[in-house]
Amino acid sequence: MRGAVVPIWEEPPRGAAADVALLALPGVEQLRTFADGRSPDPPVARLTGRRLVDVADGSVTYALPVSDWLVGPKGTLHPGVLAFLADAPLLAAVHSTLPPGTTATTAEVSTTFLGTAARGDELRAHGRVIHVDTTTGLSEVRITRRDGRLIGHGTSRAFVLPPIPVEEAPALAARPEEPEYPTPDPYLRAVEGGLLAPRALDERSGLELLRGQLGGELPRPPIDNLTGVQLVDVDEGRTVFALRASGWSANEFGV
């Protein structure tokens with residue numbers, strides 16, 4: 001455990017949004033600055049390790065290490081992490097086809113969980129465009145483990161926003177230098193929180209497990225301490241979770 005009492009999500013976020021001058025470039029060229037390091041890593045990459053690693057016109061790939069922060073009691077990946085990983089290449093694949101001054105925003109995502117991965121693995125999410133016009137983008141993503149096994153598939157619909165006027169593309173600002181930090185990025189640190197023992201899983205119902213976590217009798221899982229997501233209420237057939245939209249949540253474009 002850290003000596004500091006400040007939760008990770010209340011620390012000042014690391015990383016930065018891209019230079020707004022990127023808007024004057026085609027979408028595919030904007031994304032390439034993230035993959036090759038000309039643009040800074042966004043806070044969400046510094047928090048979780050999710051990064052853009054390959055870009056082409058209509059096709060992008062993100063990678064995510066399966067750190068100890070992202071696994072559940074059985075040492076395997078929380079399924080919801082696949083949805084988090086899938087969202088980035090689904091939107092970026094559409095963005096890669098857009099002209100200068102044009103952006104898109106996600107309207108709908110559907111994710112199918114086909115398997116899981118163990119701690120220490122690395123996931124690859126390959127997104128590709130299905131269709132893009134002046135108002136709508138459709139895309140799909142395939143998520144694989146390091147051994148190539150398909151463990152997730154998703155589709156998305158994006159709204160293509162009206163273009164805004166842009167000047168001729170200027171030279172991009174130099175990547176800002178970041179200070180030396182006394183600790184590694186969060187996903188590289190020793191985990192905080194605990195996993196449930198097999199006996200607790202076997203002897204309690206799902207409702208009892210959740211009530212035990214809510215009341216502090218059982219430990220919160222590491223992913224709660226990484227992201228700030230927390231269970232705030234539970235009853236038979238109903239749960240309520242809360243998540244603060246902290247600065248660590250920001251993507252490559254600062255949103």
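The legends below describe an overall view and several close-up views of one predicted protein model.

**Figure 1. Overall view of the protein chain, with six helices and eight strands.** Helices (H or I, at least four residues) and strands (E, at least two) are DSSP runs, numbered from the N terminus. Read from the N terminus, the order of elements is α-α-β-β-α-β-β-β-β-α-α-α-β-β. The radius of gyration is 20 Å, close to the 18 Å given by the globule rule for 255 residues, so the chain is as compact as a globular protein of that length. This radius is taken over C-alpha atoms, and the rule is 2.2 Å times the number of residues to the power 0.38. The C-alpha trace spans about 65 × 40 × 35 Å along its principal axes. Of the 255 residues, 40% are buried; buried means under 20% relative accessible area, exposed over 50%, and partly exposed in between (1.4 Å probe, protein chains only). Among contacts with a separation of 6 or more, 67% are between residues 24 or more positions apart, a contact being heavy atoms within 4.5 Å.

**Figure 2. Helix α1 and its cover.** The buried residues in α1 are G27, V28, Q30, L31, T33 and F34. Their cover includes β1 (51-56), β2 (59-65) and α3 (80-95). After α1 comes G37, which has a positive phi near 90°.

**Figure 3. The aromatic pair of F34 and F253.** The structure holds one aromatic pair. F34 and F253 form this pair edge-to-face, at 5.4 Å centre to centre and with 85° between the planes. Rings of Phe, Tyr and Trp (its six-membered ring) pair if their centres lie within 6.5 Å; planes under 30 degrees apart count as stacked, over 60 as edge-to-face and the rest as tilted. F34 belongs to helix α1 (residues 27-35) and F253 to the segment after β8 (238-242), so the pair ties together parts that are 219 residues apart in sequence. F34 is buried, with a relative accessible area of 8%, whereas F253 is partly exposed, at 36%.

**Figure 4. The polar contact between E11 and R189.** E11 is in the segment before α1, and R189 is in the loop between β6 (150-160) and α4 (198-203). Their side chains make a polar contact of 3.0 Å. A polar contact is a pair of N or O atoms within 3.5 Å; within protein, one must be able to donate a hydrogen and the other to accept it, and residues adjacent in sequence count only if both atoms are side-chain atoms. E11 counts as buried at 15% relative accessibility, and R189 is buried at 11%.

**Figure 5. R14 over the ring of Y181.** R14 lies over the face of Y181, 4.0 Å from the ring centre. A charge sits over a ring if NZ of Lys or CZ of Arg is within 6 Å of the ring centre and within 35 degrees of the ring normal.

**Figure 6. Surroundings of G49.** G49 lies in the loop between α2 (43-48) and β1 and is buried, with a relative accessible area of 8%. Leaving aside residues up to four places away in sequence, G49 touches V44, A63, L64, P65 and Y187.

**Notes to the figures.** Residues are numbered from 1 along each chain as its sequence is written, and side-chain values use heavy atoms, leaving out hydrogens and water. In this predicted model, local features need pLDDT of at least 70 and side-chain atom pairs count only at pLDDT 80 or more, while totals for chains, interfaces and linings use all residues.
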